[in-house]
Amino acid sequence: MAVKRPELGEYSGTRAAVNGRHVRAVSEQLARDYNYLFRLAEDDTRLLQKHHALLVTATAGFAEKFYDYLFDNPDIADVLYAYERAGGDVGMYARSELQHLVNAICPTGLRERVAQLLEAGRQHQERCIRPAWLIGAYELFIDYLHHRLPALIPLHAERMALESLLVRILLHDLGLTLEGYWSNASDELRRELAHESGCHARTEELLAGIPYYLWSVDVGTNTIRYASFPLRMLYAQDMDCPFPCLSDTHAEDGARLLSAWQDAVNGMACQIEARMTLADAAEHWYRVALYPDNDSLGRPAVVHCVLEEFDRQIAERRHLQQLATTDALTGLPNRALWNDHLNLALAASRRVPGSQFVVISLDINQFKMYNDTLGRDVGDILLKDISERLSSIVRESDSLSRLGGDQFGIMLQPVHHINEATERVIAKILDCFDLPFTYRDKQLWVSLTLGIACFPGDGDSEETLLHNAESAMQRAKRNGLPYQYFDPANDVSAVQQLRYSGQIKSAIDNNEFTLHYQPLVELQTASVVGAEALLRWEHPLEGMVMPQRIIPVAEQLGMITSITDWVLVTALRQCRSWQQEGLAIPVSINVSARSFQNPRLLDKITWALREAGVEGDCLEIEITEATLMQDIERATEVLERLNDAGVTIAIDDFGTGYSSLSYLKALPIDTLKIDQSFIQDIAFDRQDIAIVRTIIDLGHNLGFKVVAEGVENVRAWNLLTSLGCDVAQGFHISQPVAGTRFSALLAHGGRLPL
Ligand code: C2E
Ligand code: MG
Ligand code: MG
């Protein structure tokens, strides 16, 4: 310890005042008590005065002993050194202690010393001088005097009287010092208690002000140990139940609450949300948080409970959920919620054997046009109006959603007669679009295309069903029809789409595509007047894949243009090759809507004709009515330029779509190809005969050549000849065959042995 033992010096005395009237009154009472107990009187003062000089001599040398007492006792020394480290003067302090003892036996002012002694006691307590050390110092002083006095006062009686007085005085002093010590310690305790209870009050006030109900439950006794003011107010009578709000909890949430409580009692913190009717008699959502607190052995001793009203958060959460699941423009469920509805329907249907439901994919045909020409604001209004019209038709138990852009989804769950019910709804939907929408005195005509898939026949997952409904819708669009049911023979299933998506590109590179040619034969002469090029895919694993499976996938994947380019070049080269064999047979190629709309189509055709070294009249382009009607202005321009190049145009699958005859009349079209669906049964179906006859007459009146597709037998051949049809194509004449086999077919100078 670096602190030096202090030098002896004069004691300047501490005259710290103990303030306050109350303190004074206590001091006076103590003075009276102590004087009474120790019987200190004027005689005693006189006795001290008489022996004063002698006593001064007696105390000489005590300083040395006192200092040994202080600094040889490690605990006392530690306190003194700590005092020094805190900036105090330990020498001065030790001297004041010494003077305090010596002053006790001074003859003057015995009574006045009361306040001084109390103050000294207070300081001792504050400086952590323990009472035992103080008593020890007094004992040391008495002992010292006891040994010194016989030499100074030989007279026994006189010495005994003085010694007795000194003991009384010193005990009187010691007592009062300890009184000061005690009073300060109890003041401090009171202050601490007051502070603590102030804190407690403030904490209570704070807790009462926050909108939580708080309480702690002793797990051992299952009783409430603490409850915040609002909870006490609410359940003054029910505080013997560890979870007082249980009786006011919604019946549906009670079981969850009890199970959470059990978890908490077992030491697991948990949170649940429950509806309760508490303060205002209205039901609110509350978040109940339960935090177990363990004892020293790690066992749950207390469960702290926090109950917070949660209505706003629940409302916000619902709002967010609504935003996440609702289409902001139309207010209809969005794709995410549609998926949920579909999954729910799937789960429910799987549980009940034999149950079915229907998924409809619905597309607005003219939306892009209105959106592009009238602006997005009008587009938005139109979408809202359309969704309102659709909502008025679809029952609430069915689900109508906006799946994005101008695509809607409808899920129907008819209980009985699913086919009839579906047809009814479809008819209603189409009917309600017979009336135009109105925007600023403008009438906007809107038509729809629908694709339909049924669970379980057309798929047993949400993606497959929607994909298949979309495929059917695409086919309906391609064919210009208002709606189509999914048909695995004509639509690409989701699985196939996935399988083929990566393979089409490599199929072109690996020469896996090939063309088969089907002859077009003049009915009157039986001579071959053309050949339709039909795509085939010699798939390395699946064998021959037909175009109905390839074209829709290629269209959806944006790869149709590459296929069309390849077909164009290959077919024209074949034509050139036949020419070299002496056969002048033009080729027809099929051009899908997307390829037809490609702005580079004309350039490509011109280039391919030149590359093959054949004239424009060697090529016929087949397009469907739907392709033609999608953008009639552009189609007109393309057809005119093709016509200028000598290329002829055929309308394929005529009779299945909607096309306006006035348009057909105005366009440079050469050929109408009557769809095979009218031809295949023509020999047996009078209605078909009537239709075909009308088309033939109509075509001729408009100056078109008429081709019948799907001629499968001689009766059809004969009938068509009698109806005046110009050209026939079909299995009765020939299947589509490879290019090399085609020349063999024509061995008879271009006439077939029919
Ligand atoms: P399409 O242009 O109407 O072609 C006629 C289809 O009818 C061919 O089917 C042909 O094999 C079939 N067919 C011909 N005669 C008969 C018959 O007597 N009875 C029956 N039941 N069917 C007959 P294919 O080759 O399967 O082609 C189907 C469709 O795929 C074509 O119909 C055409 O729309 C499309 N397609 C074919 N090749 C291409 C192509 O290179 N590009 C594009 N975009 N589409 C193509
Ligand atoms: Mg065709
Ligand atoms: Mg056709």
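**The metal site**

Modeller: Along the sequence, the donors of the magnesium ion (ligand 2) follow the spacing E-x57-N-x31-E-x29-D. Donors here are N, O and S atoms within 2.8 Å of the metal (3.2 Å for Na, K and Ca), and water is not among the atoms, so sites may look incomplete. This is a predicted model, where local features need pLDDT of at least 70, side-chain atom pairs count only at pLDDT 80 or more, and totals for chains, interfaces and linings use all residues. Residues are numbered from 1 along each chain as written, chains are lettered from A and ligands numbered from 1 in written order, and side-chain values use heavy atoms, without hydrogens and water.

Colleague: Which residues coordinate the magnesium ion (ligand 2)?
Modeller: Glu532 (OE), Asn590 (OD1), Glu622 (OE) and Asp652 (OD), at 2.0 to 2.2 Å.

Colleague: And which residue coordinates both that ion and the magnesium ion (ligand 3)?
Modeller: Asp652 does, and the two ions are 4.0 Å apart.

Colleague: Where do Glu532 and Glu622 sit?
Modeller: Glu532 is in strand 14 (residues 528–539) and Glu622 in strand 17 (residues 619–624), 90 residues apart. Strands (E, at least two residues) are DSSP runs numbered from the N terminus.

Colleague: Are Glu532 and Glu622 buried or exposed?
Modeller: Both are buried, meaning under 20% relative accessible area with a 1.4 Å probe, protein chains only.

Colleague: Switching topic: what's the strand order in the open sheet of 5 strands?
Modeller: 7-8-6-11-12, with mixed pairing; two strands pair if DSSP finds at least two bridges between them.

Colleague: Why is one side of strand 7 and of strand 12 left without a neighbour?
Modeller: Strand 7 (399–404) and strand 12 (483–485) are at the edges, so each has a single partner strand.

Colleague: How do strands 7 and 8 pair?
Modeller: In the antiparallel sense, over 5 bridges, with Ser399 opposite Met411 in strand 8.

Key
Helix = DSSP H or I, 4+ residues; strand = E, 2+ residues; numbered from the N terminus. Buried < 20%, exposed > 50% of the residue type's maximum accessible area, 1.4 Å probe, protein only.
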